[in-house]
Amino acid sequence: MAEPKDIYLIPGYGADKRIFYNLNLAPHRTHIIEWIKPLPDQTIESYATRMAEPIDKSKPFVLIGFSMGGIVSVEIAKQFPPEKIFLISSVKTKYEMPWHLRLVRRFQLQRLSPVLIKRLSFLAGMFVDNSRKGTDGKLVMDMLNAADEKFLLWARNVIVNWDNTTIPPNLIHIQGTNDRVFAFKSVKNVIPIEGGTHLMVITRGREISKIIREKLDN
């Protein structure tokens, strides 16, 4: 078994540290990097620099990003290379964005009122496995409703306008075959989780934890 590593986890759009409650990466040391308020008109590159401030860069570290957290993790890795980087239910470059997000970008539909998006937060339940829809659907809605509206507006804009074409080295991408946000057919070179949804970090946490621990030991 490899020596315990420092792992920094970044949650997804509208989510917080609770999204990782089903991950068990012991004996590694895990640290959650919570979202911070973006500065006016801040680029994702500049934002990633600020998000990386809690990371101890004097020693090797590992990044794990879920959904939008994966996008930010990629931007951090381009500036401060980690030992390994894991993406869960995310995308590596702009070329992996699904068609519906490309459509949003073309017509700039992401600028819809964040209040409207919050009112439609019950739709988050469609991304949860039916067997656990009650518990996990409520958790997702609670996180989304607690998120800062200005952050949600900024975040939607940077997601759909993300222009990255660089894949950091030592990147491991874990994707569910039933992901309805970042479609499985749009992503390349991934470890597939058969039947996994966008929120498989919750519903398939044990399985994903095992994959991550095995990759860290190699």
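**Figure 1. P60 in the loop between α1 and β3.** P60 sits in the loop that joins α1 to β3. Helices (DSSP runs of H or I, at least four residues) and strands (DSSP runs of E, at least two residues) are numbered from the N terminus. The model is predicted, and local features need pLDDT of at least 70, side-chain atom pairs count only at pLDDT 80 or more, while totals for chains, interfaces and linings use all residues. Residues are numbered from 1 along each chain as its sequence is written, and side-chain values use heavy atoms, with hydrogens and water left out. P60 is exposed, because its relative accessible area is 57%. Buried means a relative accessible area under 20%, exposed means over 50%, and partly exposed lies in between (1.4 Å probe, protein chains only). K5 is 55 residues from P60 along the chain, and their C-alpha atoms are separated by 7.7 Å.

**Figure 2. The protein chain as a whole.** The secondary structure comes to 8 helices and 6 strands. Along the sequence these elements follow the pattern β-β-α-β-α-β-α-α-α-α-β-β-α-α. The protein chain has 218 residues, and buried residues make up 52% of them. Take the contacts (heavy atoms within 4.5 Å) between residues at least 6 apart in sequence: 67% of these join residues at least 24 apart.

**Figure 3. The buried face of helix α1.** Which residues of α1 are buried? In this helix, residues 44–51, the buried ones are I44, Y47, A48 and M51. Seen down the axis of α1, they fall within an arc of 100°, so they line one face of the helix. The arc is taken from the directions that run from the helix axis to the C-beta atoms. An α-helix has 3.6 residues a turn, so residues three or four places apart point the same way. The cover over the buried residues of α1 includes β1 (6–10), α2 (68–79) and α6 (149–160). S46 also belongs to α1, but S46 is partly exposed, because its relative accessible area is 33%. The C-alpha atoms of S46 and I76 are separated by 9.5 Å, and these two residues are 30 apart along the chain.

**Figure 4. The second largest pocket.** Rolling a probe the size of a water molecule over the atoms shows where empty space is left. On a 1 Å grid over the protein atoms alone, a pocket is an open set of points with protein on both sides within 12 Å along at least five of seven lines, where a 1.4 Å probe is used and lining residues have an atom within 4 Å of a point. The second largest pocket has a volume of about 420 Å³. A volume here is the space filled by probe spheres set on the grid points, which are joined across faces, edges and corners. Of the 23 residues that line this pocket, D41, Q42, W154, N157 and V158 lie nearest its centre. The elements giving two or more residues to the lining are α1, α2 and α6. Helix α6 gives the most, with 6 residues. The lining holds 9 nonpolar, 5 polar and 9 charged residues. Nonpolar covers Ala, Val, Leu, Ile, Met, Phe, Trp, Tyr, Cys and Pro, charged covers Asp, Glu, Lys and Arg, and the others, Gly among them, count as polar.

Figure 5. K92 lies in the loop between β4 (84–88) and α3 (99–107). Is K92 buried or exposed? K92 is buried, because its relative accessible area is 4%. The side chain of K92 makes a polar contact with the side chain of H173 at 2.9 Å. A polar contact is a pair of N or O atoms within 3.5 Å; within protein, one must be able to donate a hydrogen and the other to accept it, and residues adjacent in sequence count only if both atoms are side-chain atoms. The side chain of K92 also reaches the backbone oxygen of K188 at 2.5 Å. Leaving out residues up to four places away in sequence, the residues that K92 touches include V74, L87, W162 and V190.

Figure 6. Most residues other than glycine have a negative phi, and most peptide bonds are trans. The peptide bond from A26 to P27 is cis, with omega near 15°. P27 is in the loop between β1 and β2 (29–32). P27 is partly exposed, because its relative accessible area is 40%. S67, in the loop between β3 (62–66) and α2, has a positive phi near 55°. S67 counts as buried, because its relative accessibility is 7%. N170, in the loop between α6 and β5 (171–176), has a positive phi near 60°.
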